[in-house]
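Biologist: Please take a close look at one part of this model for me. I would like a single helix and its surroundings, then the rest of the picture around that helix.

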Amino acid sequence: MSWSVYLVAFTSSVRRTLQTRGQLAVRVLFYGVILGVLSALWKVATSVNGGHVAGYDFRSMLWYLVASEASVISINPRLIEYIGLDIGSGVIAVEMLRPISVVGLRLATALGEALVRFACAIALGIAFAWFTVGPPPDLSAVALALPAAVLAIAANLAAQHSFAAIAFWVNDSKAAWFLYQKLVFLVGGMLLPLELFPSVLAHVSRVLPFWTMSYVPARLLSGHFEPWLLLPQVAWLLVLMAGAAAVFGLGQRRLEVVGG
Amino acid sequence: MLAIEARELSKSFQTRGRKRRVRTVEAVHDVSFSVDEGERLAYIGPNGAGKSTSIKMLTGILHPTAGDANVLGFVPWKQRMALARHIGTLFGQRSQLWAELPARDGFQLLAAIYRIEPAEARRRIDELSDVLDADDLFDTPVRNLSLGQRMRCELAASMLHRPKVLFLDEPTIGLDLVAKQRFRSMIVRLNETQGTTIFLTSHDVSDIEQVARRVIVINHGIVIFDDKVSRLRRSLLATKLIEVRFDSPPAALMLDGVQVVKESGTGYKLVVDTERRSIREVLDELLDHHRVADISVADPPLEDVIAKIYKERL
């Protein structure tokens with residue numbers, strides 16, 4: 001299998017996303033608003049708790065939010081629903097007529113889109129946090145946070161494709177989208193660091209894949225130099241990609257598109 | 001040499017009806033036909049006849065319930081990826097290009113997918129641009145193109161990897177008359193210059209008349225006609241049209257086996273039942289008993305023929 005095809009799909013997607021300047025601007029603006037609101041809340045929360053909450057001071061918490069929000073907001077929030085619609089309407093059937101993995105091409109394309117959005121969002125987030133609380137607490141951890149964010153986005157996309165493939169069987173992936181989104185928000189650590197969770201929930205969260213999609217890059221950017229966090233990310237990414245390939249393969253075999 | 005061969009191909013689907021009862025719908029039933037390399041075939045039928053299902057089986061998207069098929073030496077549903085390198089598809093209602101990008105960028109991605117070297121891809125794009133008269137179109141974002149312009153780009157996308165068989169499903173739907181004619185002549189030109197086998201489904205009779213040499217009519221999943229387009233009219237509709245203009249209005253035009261379908265002053269349009277009377281007899285009678293200024297004989301419109309076939313087999 002030639003990886004150059006996926007590279008071309010990725011770069012083509014990057015170019016395409018850069019063309020949609022209006023959409024990019026709206027998304028980044030939304031990210032800025034969320035960041036502003038959450039930073040105000042956490043400023044109050046840390047100040048009433050003696051300057052720290054579960055080991056995070058306001059500075060590290062703001063940098064946490066910069067990465068956790070950017071990693072998730074970069075991905076089309078309704079991706080699962082859209083993939084489901086493409087399965088139901090037969091768009092996937094047309095894509096099956098190309099001599100290439102449908103899910104591989106879709107992942108490369110989605111990754112290109114998401115990384116452009118991430119680059120724009122994180123640039124704003126860094127500027128906002130730097131201006132508000134100064135530089136990140138640990139610059140060496142920043143070097144880990146960026147690849148961790150890419151892995152987080154890739155894992156999230158692979159998981160969304162796995163979830164969306166349910167549409168091959170039930171013709172409606174809206175329920176899967178709703179459930180998935182809430183899991184990333186809550187147990188993925190997008191809104192709260194896992195350290196704030198009750199111990200049982202924190203334990204359950206670390207067993208599931210969602211914490212690798214938001215918490216890991218955020219934990220690193222908040223000044224915690226913990227390179228071993230990248231290992232479960234890579235492992236989950238491989239598992240989720242294999243899972244997406246497997247369920248799409250099964251689904252394609254099951255595909256029964258009648259007529260037009 | 002055969003490009004496509006279908007043998008007793010069947011496909012049934014299970015659907016849930018009222019009270020969640022499972023119902024089996026037979027979309028295609030024991031369909032057998034073959035298509036030679038370089039042929040231009042129209043595969044037609046009313047809505048729900050099984051055309052798209054047949055195409056999906058022949059391109060490997062659907063697994064048949066029974067039967068066998070061979071496209072360019074591949075069993076489509078078992079060797080879909082390998083077959084995909086040798087076939088092209090164009091669906092009138094689905095785009096294979098990316099709306100935000102100029103078609104030329106989309107072609108580059110397709111060239112990578114089909115493992116065409118960049119220099120060769122550029123050469124083919126230039127060649128297609130000439131054939132399709134689309135040079136300025138390829139650099140415009142697809143979303144800014146008219147439907148006719150977009151379809152020319154879609155055709156180029158389908159032909160970039162030089163497929164041996166091109167499956168066209170309603171390719172002219174939504175196009176205006178001029179764009180349709182242009183599109184049809186491009187398909188014919190590609191068939192003649194590159195030897196591409198054309199497998200066309202369409203509800204537009206002009207697509208069939210101007211593109212195909214042979215037609216297969218399918219209804220309720222069964223092949224009900226398979227012959228040359230020219231024979232479709234003659235063998236299935238035993239009528240001829242006569243348009244005649246007299247020097248002066250005739251007193252009364254009563255001819256056995258002839259129906260007057262239109263009358264305006266000295267001009268008449270007649271339908272001759274050729275099973276009751278030969279066209280020669282009718283012409284002789286008209287010329288012997290009336291002062292004819294002008295006369296022409298034509299086959300009935302193909303549209304009428306096809307409508308008759310569909311109705312009779314319903």
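Modeller: A residue counts as buried if 20 or more other C-beta atoms lie within 10 Å of its own, as exposed if 12 or fewer do, and as partly exposed in between, with C-beta atoms placed from the backbone. Helices (H or I, at least four residues) and strands (E, at least two) are DSSP runs, numbered from the N terminus. This is a predicted model, so local features need pLDDT of at least 70 and side-chain atom pairs count only at pLDDT 80 or more, while totals for chains, interfaces and linings use all residues. Residues are numbered from 1 along each chain as its sequence is written, and chains are lettered from A and ligands numbered from 1 in the order in which they are written.

Start with helix α3 of chain B, residues 103-113. It is mostly covered, with 10 of its 11 residues buried. Among them are F107(B), L109(B), L110(B) and I113(B). D105(B) and Q108(B) are buried too. What do the buried residues of α3(B) pack against? They meet α1 (3-19) of chain A, together with α4 and α5 of chain B. After the helix comes R115(B), with a positive phi near 55°.

α3(B) also belongs to the chain contact. Two residues are in contact if their C-beta atoms, placed from the backbone, lie within 7 Å. The contact takes 28 residues from chain B and 24 from chain A. On the side of chain B that touches chain A, α1 (51-58), α2 (80-84), β5 (87-91) and α3 each supply at least two residues. α3(B) gives the most to this side, with 5 residues. This side of chain B divides into 13 nonpolar, 8 polar and 7 charged residues. Here Ala, Val, Leu, Ile, Met, Phe, Trp, Tyr, Cys and Pro count as nonpolar, Asp, Glu, Lys and Arg as charged, and the others, Gly among them, as polar.

Now the loop between α4 (118-131) and α5 (147-159) of chain B, where N144(B) is found. N144(B) is exposed, because 12 other C-beta atoms lie within 10 Å. Its C-alpha atom is separated by 8.3 Å from that of A99(B), 45 residues apart along the chain.

Chain B also has paired strands. Two strands pair if DSSP finds at least two bridges between them. β1 (residues 2-16) and β2 (residues 22-36) of chain B run antiparallel, joined by 11 bridges. S12(B) has E26(B) as its bridge partner in β2(B). The hairpin has 5 residues between the strands, and K19(B) takes a positive phi near 55° there. β1(B) also pairs with β4 (residues 66-71) of chain B, antiparallel, over 5 bridges. There I4(B) stands opposite V71(B).

Within chain A, α2 (residues 21-48) and α6 (residues 102-133) pack at an angle of about 35°, with their axes 9 Å apart. Those axes are lines fitted to C-alpha atoms, for helices over the stretch in contact, and angles run from 0 to 180 degrees between N-to-C directions. L24(A), V28(A) and L35(A) are among the α2(A) residues that meet α6(A), whose side includes A121(A), L124(A) and F128(A).
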